Amino acid sequence: MNGPHDLGGQMGFGPVAPEPNEPVFHAEWEKRALGITLSCGAFGAWSIDESRHARENIAPADYLAASYYEIWTRGLEMLLERHGFATDEELRSGHSLQQGSVPKRVLKADMVAGALAKGGPCDRPVDAAPLFAVGDWVRTKNINPTGHTRLPRYARAKTGVVEAVQGSFVFPDDNAHGKGENPQWIYTVVFGAPEIWGEGADSALTVSIDAWESYLERV
């Protein structure tokens with residue numbers, strides 16, 4: 001979807017200003033926000049792709065005014081309500097008022113280190129061979145889906161060259177909406193800066209994205 005999260009190439013938001021010696025967390029509540037999000041993700045009720053799409057669905061004014069972990073928390077509230085773990089009234093009051101959905105799994109303290117070390121690998125085998133190879137020229141499709149996608153707006157309908165075949169992975173555009181993992185090959189595609197940003201862009205610069213196979217067509 002073309003939401004407030006997709007800011008690449010947008011103007012008026014000021015420069016990117018990295019914070020020197022930035023701490024991992026800027027406040028104690030951010031630690032809890034991370035912990036609660038990971039703990040609830042362990043319920044097994046939604047995928048990482050659905051969680052990303054929940055954040056994308058935050059109203060634009062609210063999204064742009066929120067900090068990083070505020071966005072995480074608001075997305076999590078959507079997921080908890082959608083999957084029956086909490087009602088809007090419970091989220092507002094901070095108290096359980098009725099029996100909600102039962103998690104498939106509960107992440108307990110002694111399980112955290114192992115769960116974090118294991119991660120959540122999204123690579124999956126596919127039967128078909130890759131359609132593209134290193135050195136192939138490709139064009140990204142010009143799509144404007146209302147659902148989740150990992151193809152950013154600035155890189156749509158652009159021509160570039162395949163730099164690497166990264167393997168096959170869960171297709172997030174489907175997985176975010178409960179349509180199955182449907183894995184596809186992923187390619188690193190490199191674009192010249194003028195192709196992305198137009199006239200006046202530094203021709204010595206390039207932009208790379210990782211693109212699922214269905215985002216691409218052969219030139």
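Buried means under 20% relative accessible area. The views below come from a predicted model.

**View 1. Histidine 148 sits in a loop between two strands.** The loop links strand S1 (137-140) and strand S2 (159-169). Histidine 148 has 2% relative accessibility, so this residue counts as buried. Its side chain makes a polar contact of 2.9 Å with the side chain of glutamate 56.

**View 2. Helix H1 crosses helix H4.** H1 spans residues 28-41 and H4 spans residues 68-82. Their axes come within 10 Å and cross at roughly 35°. The crossing is left-handed. H1 contributes Trp29, Glu30, Ala33, Leu34, Ile36, Thr37 and Cys40. These meet Tyr69, Glu70, Trp72, Thr73, Leu76 and Leu80 of H4. By class, the contact has nine nonpolar, two polar and two charged residues.

View 3. A disulfide is a covalent bond between the sulfur atoms of two cysteines. The whole structure has zero disulfides. The cut-off for a disulfide is 2.5 Å between the sulfur atoms. Cysteine 40 counts as buried because its relative accessibility is 8%. Cysteine 122 is partly exposed, with a relative accessible area of 31%. Cysteine 40 also belongs to the H1 side of the contact with H4.

Definitions and conventions
Residues numbered from 1 in each chain as written. Predicted model: local features only at pLDDT ≥ 70, side-chain atom pairs only at ≥ 80, totals over all residues. Heavy atoms only, no water. Helix = DSSP H or I, 4+ residues; strand = E, 2+ residues; numbered from the N terminus. Buried < 20%, exposed > 50% of the residue type's maximum accessible area, 1.4 Å probe, protein only. Polar contact = N/O pair within 3.5 Å; in protein donor to acceptor, adjacent residues only side chain to side chain. Axes fitted to C-alpha atoms, helices over the stretch in contact; angles between N-to-C directions. Left-handed = near helix turned anticlockwise from the far one by under 90°. Contact = heavy atoms within 4.5 Å. Nonpolar A, V, L, I, M, F, W, Y, C, P; charged D, E, K, R; others polar.
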